[in-house]
Amino acid sequence: MQVLHLISNRDNSGGTIAALNLHYSLLKAGYQSSVLSTDRLSGKLNGKGYRRFGGITGRIQQGFLSFENYFAKPGFINPTDKIVLQKNLKRFDGIIHIHVTHVAQISFDLLNWISKKNKVFWTLHDLWPLTAKCIHPTYCEKWKEGCYDCPKLNEYPVLRWDNTPYLHQKKQEFIRKHKIHFIAPSQWINDQARFTINNLDAQVSTIPHAIDHTIFKDADRQSIRAEFNLPQKGQIILFPQGRWDDPKKGALWYSAIKNALMLNANTPFYLARIEGNKIDVQEISPFLTEITLPTTSDKAVMAKYYQLADLSVSLSEVETFGLCVAESLASSTPVIARKANGINELLANNSAVLANNVEELIQTILSKNWENINYKPLFEKKYSFEEWAQQHINLYES
């Protein structure tokens, strides 16, 4: 059986990483798996993607995209997405598995065309498939009934004006038409989505993401620090999340932690964050140093970031699954976190490692109480890639 995974951009987001991990795991299991994104079609099927960035076709597509943005109808107008794929996908027969499509948004014209005679699955890497436009509709539950008077028009993805009733309706029509089976990576997002999904004559199952335990594993901390020319002594505290410009990722909490340690630390602390393209070490005060580690999409390098740290800290306000937390734990690096949906499950709802506010988190860091917590049960392997792929295969073939 063939399966075609749909993602918009091959970026470094958790959803894209999980989608590609699943693709490679299915290939290894003997499945005919392919991935369609803006720039290419790869895997068992090969060719160009659904966007052109030059020539007449590219100019036409960009014109339609400008038109969509102006009328606040992202993804519902552009007809050229489908036209450029006619040759390679016209006779596709198998499973359509939708992943993250809101970055360089795939048109619903294309989604309807490619889903017409195929079974459709959609992984809830966030709640965007069920809302008019929001990735995570924090502090707003209008989407459960029908979006209107949107308070988040200026949040990504930005709308020029409030066309949320139309967008919400179109998504619901698409879900009803294709009787989509959703896959939730956490029980939290399943609980959030189940009522809406059931009302749309669709289904939802929970399959937590898998971690590559051949890469994310225990390692000698001191040798990896030496490799990066980082101090052997002192506590290195890693903040592994990306997108520091997104308030939901905890930039304000990071600033508060940094300021508190600058004033109150009496032993050496090193705050390591992932940003930019080079290693940079800046002494802030006698007991506080800030380390910048280069942004990477290389899993082996990312694993070393976890392995060189004494502690990993999650500051995200909400996560569908919490990939950074799972990878930290798989690397035998202790984790403390801002209490957040999606992350609480991975940390077994342990109040000793989950903080209600930034003051609690600061106190946990300064007291070093996390050194006395038994993390061993959390280090245990959940799913191997083989087991994870098989769970999806069982669902595809059910």
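View 1. Glutamine 282 has glutamate 290 of β12 as its bridge partner. β12 (residues 288-293) runs antiparallel to β11, and five bridges join the two. Strands (E, at least two residues) and helices (H or I, at least four) are DSSP runs numbered from the N terminus; two strands pair if DSSP finds at least two bridges between them. The model is predicted: local features need pLDDT of at least 70, side-chain atom pairs count only at pLDDT 80 or more, and totals for chains, interfaces and linings use all residues. Residues are numbered from 1 along each chain as its sequence is written, and side-chain values use heavy atoms, with hydrogens and water left out.

**View 2. The open seven-stranded sheet.** The strand order is β11-β12-β10-β9-β13-β14-β15, and the pairing is mixed. β11 (280-285) and β15 (354-355) are the edge strands, each pairing on one side only.

**View 3. Surroundings of leucine 347.** Apart from neighbours within four places in sequence, leucine 347 is in contact (heavy atoms within 4.5 Å) with residues including Val325, Leu329, Val353 and Leu378.

**View 4. Helix α7 and its cover.** α7 (residues 187-199) has 13 residues and reaches 19 Å from its first C-alpha to its last. The helix bends by about 45° at alanine 193, the bend being the angle between axes fitted to the seven residues ending there and the seven starting there. Ala193 is among the buried residues of α7, as are Trp188 and Ile197; buried means under 20% relative accessible area (1.4 Å probe, protein chains only). Their cover includes α6 (164-178) and β7 (181-184). Just after α7, aspartate 201 takes a positive phi of about 60°.

Notes: Expected span 1.5 Å × (residues − 1). Buried < 20%, exposed > 50% of the residue type's maximum accessible area, 1.4 Å probe, protein only.
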